[in-house]
Amino acid sequence: MSSSWVLEAEGISSGYAGLKVVDGVSLRLGRGEVLVVLGPNGSGKSTLLKALFGLLPLMEGRLRLMGRWLEKPEPEGMVRMGVGYVPQVDNVFPSLTVRENLEMGAFGVRDWRRRMKNVIELFPELQKKLDLPALNLSGGERQMLALARALMAQPEVLLLDEPSAGLAPGMVKRVMGRIEEVRKTGVAVLLVEQNVRSALQIADRGFIMAGGRKVFEGTPEEILSHRDMGRIYFGMRG
Ligand SMILES: Nc1ncnc2c1ncn2[C@@H]1O[C@H](COP(=O)(O)OP(=O)(O)O)[C@@H](O)[C@H]1O
Ligand SMILES: [Mg+2]
């Protein structure tokens with residue numbers, strides 16, 4: 001039986017060298033959907049993405065991709081099956097040019113020249129900088145390049161770890177707008193974000209993590225009106 005979900009996790013736990021960080025998280029991501037993962041620092045959001053991409057072993061639970069249960073998720077296989085991952089840091093090669101970064105992302109893509117053209121249409125700010133080393137880009141441009149690079153492989157699912165971290169508010173908006181454009185092309189996005197309001201503006205649903213567990217899930221409206229949001233994020237009383 002195939003499933004309408006592109007990515008499903010069933011009670012997954014993961015972590016580092018026997019230390020369980022993510023504890024029994026389940027989620028489902030539909031085609032062209034944006035699912036936002038919120039939660040304070042250290043709550044396990046990055047660890048969850050790494051586990052979903054096969055960078056960390058699953059201690060418990062299982063993953064299903066395009067309706068198929070995965071025996072042993074690992075990054076190379078995930079990329080082949082249509083998953084792209086943009087890590088929180090070190091997501092471009094600084095000494096390589098923008099063009100070279102994009103080419104690296106196209107590894108294994110047959111019609112990569114046309115793909116590059118399409119991706120640059122979506123990220124026009126990269127056009128003039130194609131021959132510059134990525135280290136010459138601004139923070140915002142670098143995040144755009146990281147997204148563009150992930151898109152070169154024509155993924156159906158994108159795992160994005162805080163793509164707007166450290167950016168000025170105007171640039172945060174632009175990055176979110178671009179993710180929305182990507183989603184319109186049918187790509188499903190699992191988006192980890194600290195910019196809660198900006199992320200919820202483009203999200204279909206979201207959930208909050210605390211201490212490695214999913215503590216609340218809902219629509220953007222439900223999350224914003226959740227009375228414990230302040231306490232979860234800032235340790236406020238009441
Ligand atoms: N490479 C690592 N080795 C050991 N522990 C780690 C490693 N990376 C993260 N952790 C721990 O896992 C927990 C969750 O981290 P992380 O997933 O990065 O949280 P978030 O992305 O929500 O800020 C933290 O307690 C952190 O110290
Ligand atoms: Mg993180």
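**Exercise 1.** Find which helix gives the most to the shell around ligand 1.

*Solution.* In this predicted model, local features need pLDDT of at least 70, side-chain atom pairs count only at pLDDT 80 or more, and totals for chains, interfaces and linings use all residues. Residues are numbered from 1 along each chain as its sequence is written, while chains are lettered from A and ligands numbered from 1 in the order in which they are written. Start with the residues around ligand 1, that is, those whose C-beta atom, placed from the backbone, lies within 6 Å of it: Tyr16, Val21, Gly39, Asn41, Gly42, Ser43, Gly44, Lys45, Ser46 and Thr47. Helix H1 (residues 45-52) gives the most, with three residues; helices (H or I, at least four residues) and strands (E, at least two) are DSSP runs, numbered from the N terminus.

**Exercise 2.** Work out the order of the strands in the open sheet of four strands.

*Solution.* Two strands pair if DSSP finds at least two bridges between them. Strand E4 (residues 58-65) and E5, which run antiparallel, are joined by two bridges, and Leu65 has Arg68 in E5 as its bridge partner. The order of the whole sheet is E2-E1-E4-E5, with antiparallel pairing, and the edge strands, each pairing on one side only, are E2 (19-30) and E5 (68-69).

**Exercise 3.** Name the residues that Ala148 is in contact with, leaving aside its neighbours within four places in sequence.

*Solution.* Contact requires C-beta atoms, placed from the backbone, that lie within 7 Å.

Note on methods
Two residues are in contact if their C-beta atoms, placed from the backbone, lie within 7 Å.
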